[in-house]
Amino acid sequence: MAAVLGRVTSRIADFLRDHAPLLRKLQWGIVAMYAFLLIVPVLLPLPDNTASVFNNLTIVAQFAFWGVWWPFVLISMPILGRAWCGWLCPEGMLTEWASERGQGRAIPKWMRWGGWPFVAFALTTIYGQLVSVYQYPLAVLAVLGGSTVAAMIVGWRYGRSKRVWCKYLCPVNGVFNLLAKLAPWHFKVDEEKWRHPVIRIEPINCAPLVPLRHMKGAGDCHMCGRCSGYRGAIELTARSPEEEIVNVADGDGWQTALLCFGLMGIAIGAFLWSASPWFVTAKQWAATWLVEHDIMWPLMDNAPWFILTHYPDVNDSFSWLDGAGILMFVVGATIVVGGSSFLSLWLADRLAPAAMEADARATGWIRPGVHKLAQALIPSAGIGVFLGLSATTVNLLKHEGVQAAWAGPVRFTLLTLAVLWTLRLFARLLTQRQTRGWRMAAAWLVLVAGLAPFCMAWVFFFAIW
């Protein structure tokens, strides 16, 4: 069975390699569809209450982007790896196309900073909430269109036929990198065959700048197949979905920040604020206090649409107080949910340190073992973002008259399975450590407790609020 599976995966990879022109035509088709859905709705009037996906292009675009595209691109990562990036992504296609015709300058040092995936994700997520990116075409054009234009500029200026934007600055690169670590496929490199190739060596272009010889996992690979069979040493291979997290990935400080404070903090705050009665209560209290003290400017809704939501024609405009309230809610969720998950990792690593850190002379308040443990959060963090995005999918379906009684059980089933998977990964990672007895039990309990605020947030969102 393994041999048959190996032959199938190898043929798939070789097909991708040998039919690169066909793949590029497919990508141009996606670019055309993307541009159409991005630009045309901006030229149309805003839909009214009677508009639906059957009679209004703006609703079609809204459903395509936020009801189908983003949720299921996320789901594809732990199933196919970053195949979306290599096969279909319009930004990846456009930045590489621009790079083929650009200046080919060296990648600057500032762009190689490891914190960009976290910073870009945080800024894009928060800004999207302030301008209501899920509801309005102008906001979609600002967020997605702005990102696409930036990708093309970076591609034109830096690299030579490379996806420099995807490697360093794409707002979802860090998220995709994490989720792809769960993929049951990866391009495996045989180092012995690499050193002693037995076939003709032809140059290849790894557009996402992956160091092929030392490639161990699937996080950076775009699954384009260009390197399949290279030097007789690279082959698409099946593997356990847990292999990379348990035996390969070590993580780093920025990946841990993205997991804890990004996906399990900022993203949760962005999804939950609009449904939270706490947000409404806090805003009403603040508005009353401002009126009593004759401070009126925060209650004005005169910000332009590209700073805060401003569509008076449909009676939807954010005041400065609304914007500040959203920011404070997101910060609060990041501290409570993200901070709890990070603190649990830190305490667990202290209770059950990795072998190399067991020595009391280990330095640094954030040790590498924390980042290794953080990798186990990937299933839970990923399903959290999927649940938040799919809430838009369910709301759009409800607007079209589709019954959604199934949504609650499906949501909590997915959440339960993801959390159980995280706990299983915690168990496997802790088993690799030399600590036993009460310290191991305490570390386990701390990690479980760290997931409680994350789980409760979704209970509030889907069952209580």
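**Cysteines, a kinked helix and a surface patch**

At 8% relative accessibility, Cys 166 counts as buried. The cut-off for buried is under 20%, so Cys 166 qualifies. Keep in mind that this is a predicted model.

A disulfide needs two cysteine sulfurs within 2.5 Å.

Now take Cys 227. Its nearest cysteine sulfur is that of Cys 221, at 5.9 Å. Cys 227 is in no disulfide either. Is Cys 227 buried or exposed? Buried, because its relative accessible area is 9%. And the total for disulfides? By the 2.5 Å rule, the count is zero.

Next, helix α14. It runs over residues 320-351, which makes 32 residues. From first C-alpha to last, α14 reaches 45 Å. That is close to the 46 Å expected at 1.5 Å a residue. Where is the kink in α14 centred? On Gly 339, with a bend of about 35°.

Last stop, the surface. Which residues make the nonpolar patch of about 520 Å²? Trp 297, Met 300, Phe 306, Ile 307 and Trp 320. Look at Trp 297. Trp 297 lies in the loop between α13 (277-292) and β3 (310-311). Its relative accessibility is 56%, so Trp 297 counts as exposed. The cut-off there is over 50%.

Definitions and conventions:
Residues are numbered from 1 along each chain as its sequence is written. This is a predicted model: local features need pLDDT of at least 70, side-chain atom pairs count only at pLDDT 80 or more; totals for chains, interfaces and linings use all residues. Side-chain values use heavy atoms; hydrogens and water are left out. Patches are made of residues with over 30% relative accessible area and no salt bridge: like charges are joined within 9 Å, nonpolar side chains (Val, Leu, Ile, Met, Phe, Trp, Tyr) within 5 Å. Accessible areas come from the Shrake-Rupley method with a 1.4 Å probe; for residues, only the protein chains shown count as cover. A salt bridge is a side-chain nitrogen of Lys or Arg within 4 Å of a carboxyl oxygen of Asp or Glu. Helices (H or I, at least four residues) and strands (E, at least two) are DSSP runs, numbered from the N terminus. Buried means under 20% relative accessible area, exposed over 50%, partly exposed in between (1.4 Å probe, protein chains only). The expected span of a helix is 1.5 Å times one less than its number of residues. The bend at a residue is the angle between axes fitted to the seven residues ending there and the seven starting there.
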